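I opened my notebook for this one and wrote down what I looked up, entry by entry.

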Amino acid sequence: MPAIMRTSPLTRSLLAPNAGPMTLDGTNSYLIRAPDSSGIVVVDPGPLDQGHLAALAAAGRVELVLITHRHADHTAASVRFAELSGAPVRAFDAAYCVGGDPLSDGELLSVAGTSIRVLATPGHTDDSVCLHLPGDGMAGSVLTGDTVLGRGTSIVDASLADYLASLENLRALGPATVLPAHGPVLPDLAAICMAYLAHRHERLDQVRAALGELGSTATVAQVTDLVYAQTDAAVRFAAEASVTAQLVYLRTEH
């Protein structure tokens with residue numbers, strides 16, 4: 001069983017045992033607490049694994065559980081962990097809340113001795129949020145869920161226009177520490193967002209070129225075959241989701 005690891009002055013993380021092609025090493029469940037606080041906030045309790053949940057529940061008195069987005073590797077354990085901890089679960093989408101109200105964009109949470117700013121960052125999913133801890137170290141930190149990963153790039157399963165805007169909004173936060181739901185901690189949010197934006201615009205150029213070769217009515221599968229030719233079959237569906245978002249962006253928005 002992985003140990004709880006210090007990830008920033010105000011956060012620790014526990015890696016869930018759900019490694020895979022989409023989850024990398026597994027889902028990072030985060031614990032937020034100021035040094036003088038007796039309570040903690042748990043972010044993304046993760047998959048329904050009893051050992052993982054027991055370790056999170058034993059880490060301190062849980063005041064609140066926060067969800068970054070709806071995918072099961074973040075939310076499958078929400079109901080069970082609410083039972084274990086007695087804490088409400090809050091997410092942007094009311095369907096994933098347990099005994100708590102939905103989160104709202106810009107909401108400031110004062111909990112576990114800290115201030116947590118909720119930032120709506122749609123794109124990976126339409127209900128994705130990031131959590132900004134402005135007092136966490138010199139430049140603050142941001143729990144990015146799957147909007148920004150610690151390794152590689154995220155899929156776009158909602159609006160690409162929204163995702164590009166979300167990356168721009170995150171970039172404006174400067175060199176904050178990146179605390180992703182998958183992969184290692186990164187040191188500079190602005191830098192990684194710039195790299196993500198460059199990658200997305202490069203992919204758009206590739207999709208434009210594919211449409212030029214295949215014709216404007218090319219299907220998602222045809223474009224994926226060209227643009228994501230080296231993609232492993234296990235994550236083909238993720239490539240197709242991103243191509244779908246790119247085609248919508250090009251055909252209806254730009």
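Is A112 buried or exposed? I looked, and A112 is buried, with a relative accessible area of 2%. My cut-offs: buried means under 20% relative accessible area, exposed over 50%, and partly exposed in between, using a 1.4 Å probe and protein chains only.

**Ground rules.** I'm working with a predicted model, where local features need pLDDT of at least 70 and side-chain atom pairs count only at pLDDT 80 or more, while totals for chains, interfaces and linings use all residues. Residues are numbered from 1 along each chain as its sequence is written, and side-chain values use heavy atoms, with hydrogens and water left out. Helices (H or I, at least four residues) and strands (E, at least two) are DSSP runs, numbered from the N terminus.

**The A112 hairpin.** I found A112 in the loop between β7 and β8. Those two strands form a hairpin with 2 residues between them. They pair (DSSP must find at least two bridges between strands for that) in the antiparallel sense over 4 bridges. V111 sits opposite T114 in β8. Phi of A112 is near 55°, a positive value in a residue other than glycine. I noted that because most residues other than glycine have a negative phi.

I also checked the faces of β7 (residues 108–111): L109 and V111 are on the covered face, L108 and S110 on the uncovered one.

**Another positive phi.** L24 has a phi near 55° too. I found L24 in the loop between β2 and β3. At 21% relative accessibility, L24 counts as partly exposed. The strands on either side, β2 (residues 11–15) and β3 (residues 28–32), run antiparallel and are joined by 5 bridges. R12 stands opposite L31 in β3.

**The sheet.** How many strands does the open sheet have? I got 6, in the order β1-β2-β3-β4-β5-β6, with mixed pairing. β1 (5–8) and β6 (89–90) stand at the edges with a single partner strand each, so one side of each has no neighbour in the sheet.

**Helix α4.** I did a quick length check on α4 (residues 160–171). The expected span is 1.5 Å times one less than the number of residues. For these 12 residues that should give 16 Å, and the end C-alpha atoms are 16 Å apart, which agrees.

Which residues of α4 are buried? I listed L160, Y163, L164, S166, L167 and L170. They cover an arc of only 160° around the axis, so they are on the same side of α4. (The arc is that of the directions from the helix axis to the C-beta atoms.)

**The core.** A nonpolar core is a set of buried Ala, Val, Leu, Ile, Met, Phe, Trp, Tyr and Cys residues joined through side-chain atoms within 4.5 Å. The largest one has 32 residues, and L160, L170 and V223 touch the most other members. The elements giving two or more residues are α4, α5 (189–214), α6 (220–227) and α7 (236–253). The largest share, 8 residues, comes from α5.

**Q246.** I found Q246 in helix α7, and Q246 is buried, with a relative accessible area of 1%. Leaving aside neighbours within four places in sequence, its contacts (heavy atoms within 4.5 Å) include L160, R200 and Y228.
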